[in-house]
Amino acid sequence: MARTNYAIYKKEEKVESDFVESNFDDFDRNKFTCCFCGVKVGFTKGILTTGPYFKNWRNILHTSDCLLTKSIQVYLATKEDKNYKLKASEELILSTILPRAQRLFIEDKKSFKFKRVVSHLQSKRTKLFISAINQLSNHDLECLNVVTEDNEILKLKDLILSQDAIVNKLEKEEETSFIRVLKAVVSRVEKVGKNYKVIMTKGERYQNTKDFYLFVPQSYVEKNEKHLEKLPGTLIYCYGIAEKNEFGCKMDLYSFHHQIAIHRKFT
C-alpha cells in the first residue's frame with residue numbers, strides 16, 4: 001500500500017505526518033489509523049529526501065474499498081502492463097491526501113489554525129509533492145489521482161490550472177479560496193512596500209490573459225528574497241491557496257523551496 005501523509009490519531013484527530021514528526025514525543029505511535037478505512041497504520045520519520053509518512057502496520061492491509069487503494073487501482077487500470085511497478089513520483093502523488101481549501105482559508109492571520117496552514121505549505125511533504133509533479137510524464141498528468149480529505153478522488157490534471165482557469169473560478173465565486181497548483185510563466189518580480197509580488201505573464205497563447213501574482217508577505221521576505229531573482233522567464237508549478245481580495249487574484253508564497261518547482265527556463 002502507498003504511503004500516506006495523513007492519519008487519524010486516537011480515533012479523533014486528523015494529523016499530518018510533518019506535524020507528528022515535529023511533535024514526536026506528544027504522540028503514541030500505536031494509536032494511528034487510516035483516514036478512510038480505519039485500519040491501524042504506522043508512522044515513519046523522514047530520512048534525507050523522504051518526508052515523514054504513515055504506512056501499513058505490519059501484517060495489516062487497508063480494506064479493498066479504502067479510497068487510497070481505489071486511487072491506485074484507478075491509475076493502474078490505465079497501464080497496459082499489469083505488473084507495472086509504481087515509480088517513486090507516482091507513488092508520492094497517489095499517496096498524498098489533499099487538504100480541502102474551505103478548511104485552509106482563514107481570515108485571522110494570527111490564529112493557531114492559520115499557523116498550521118503556513119506550516120503545511122512549508123513542509124517537507126509539500127516540497128516532495130511539487131517536485132514529484134515536475135517529474136511526471138504527460139500520461140501521468142492526465143491519469144494520476146490525488147485523494148482529498150473529504151473522500152474524493154481528484155484528477156491531477158484538474159489540480160494543475162492556468163492563471164485564467166484560477167481567476168475564472170475565483171471570479172465566479174464558486175469558492176472564496178481553494179488549493180491548486182498554478183502552472184504559469186513568471187514575467188517579473190516587484191517590491192511593493194516591504195512585500196514582494198511575483199507577477200505572471202499575460203498573453204493569448206497559454207491561457208494567461210488575466211492578472212495573477214504570487215505574494216510574499218513581509219515576514220517571509222528575508223528567507224525568500226535572494227531566490228526570487230531566479231523566477232523571471234521561467235515556467236513554474238506553484239502549490240498554494242488561490243484567493244481573491246481587493247488587490248486581485250493571488251497565491252501567498254511562504255517558501256520558494258517548498259512551494260515552487262521551476263519546470264523550464266525561457267531566457
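Predicted model: local features only at pLDDT ≥ 70, side-chain atom pairs only at ≥ 80, totals over all residues.
Is Glu 173 buried or exposed? Glu 173 is exposed, with a relative accessible area of 68%.

## Overall build

The protein chain holds eleven helices and 15 strands. Its C-alpha trace spans about 55 × 45 × 35 Å along the principal axes. A compact globule of 267 residues would have a radius of gyration near 18 Å, and the value of 19 Å for the protein chain agrees with that.

Of the 267 residues, 51% count as buried. Contacts between residues at least 6 apart in sequence were also sorted by separation: 63% of them join residues at least 24 apart.

## Surface and charge

The protein chain exposes about 14000 Å². Carbon and sulfur atoms supply 47% of that area.

There are 45 positive and 35 negative charges in the protein chain.

## Helix 9 and the residue after it

Helix 9 covers residues 163–171. Its buried residues are Gln 163, Asp 164, Ile 166, Val 167, Lys 169 and Leu 170. The cover over these buried residues includes strand 9 (160–161), strand 10 (177–192), strand 11, strand 13 (234–245) and strand 14 (248–252). Glu 171, also in helix 9, is partly exposed at 41% relative accessibility.

Helix 9 is followed by Glu 173, which has a positive phi near 55°. Glu 173 is found in the loop between helix 9 and strand 10. Its relative accessible area of 68% is over the 50% cut-off, so Glu 173 counts as exposed. From Glu 173 to Lys 113 the C-alpha distance is 23 Å, and the two residues are 60 apart in sequence.

Side chains of opposite charge can pair when their charged atoms come close. With a cut-off of 4 Å between nitrogen and carboxyl oxygen, the count comes to nine salt bridges.

One of them joins Glu 171 and Lys 210, with the closest N and O atoms 3.5 Å apart. Glu 171 lies in helix 9, while Lys 210 sits in the loop between strand 11 (195–200) and strand 12 (213–216), so the pair ties together parts that are 39 residues apart in sequence. Lys 210 is partly exposed, with a relative accessible area of 27%.

A salt bridge is also formed by Glu 142 and Lys 157, where the closest N and O atoms are 3.6 Å apart. Glu 142 belongs to helix 7 (residues 138–143) and Lys 157 to helix 8 (residues 156–159), so this pair links parts that are 15 residues apart in sequence. Both ends are partly exposed: Glu 142 has a relative accessibility of 45%, and Lys 157 has 39%.

## A further pair and a network

The side chains of Arg 188 and Glu 190 meet in a salt bridge with an N to O distance of 2.7 Å. Arg 188 is partly exposed at 40% relative accessibility, and Glu 190 is partly exposed at 31%.

Which residues are linked in a network of salt bridges? The network is made up of Lys 79, Lys 87, Glu 90 and Asp 140.

Conventions
Residues numbered from 1 in each chain as written. Heavy atoms only, no water. Helix = DSSP H or I, 4+ residues; strand = E, 2+ residues; numbered from the N terminus. Buried < 20%, exposed > 50% of the residue type's maximum accessible area, 1.4 Å probe, protein only. Rg over C-alpha atoms; globule rule 2.2 N^0.38 Å. Contact = heavy atoms within 4.5 Å. Areas by Shrake-Rupley, 256 points an atom, 1.4 Å probe, with all protein chains shown as cover. Lys, Arg positive; Asp, Glu negative; His and termini not counted. Charge placed at Lys NZ, Arg CZ, Asp CG, Glu CD.
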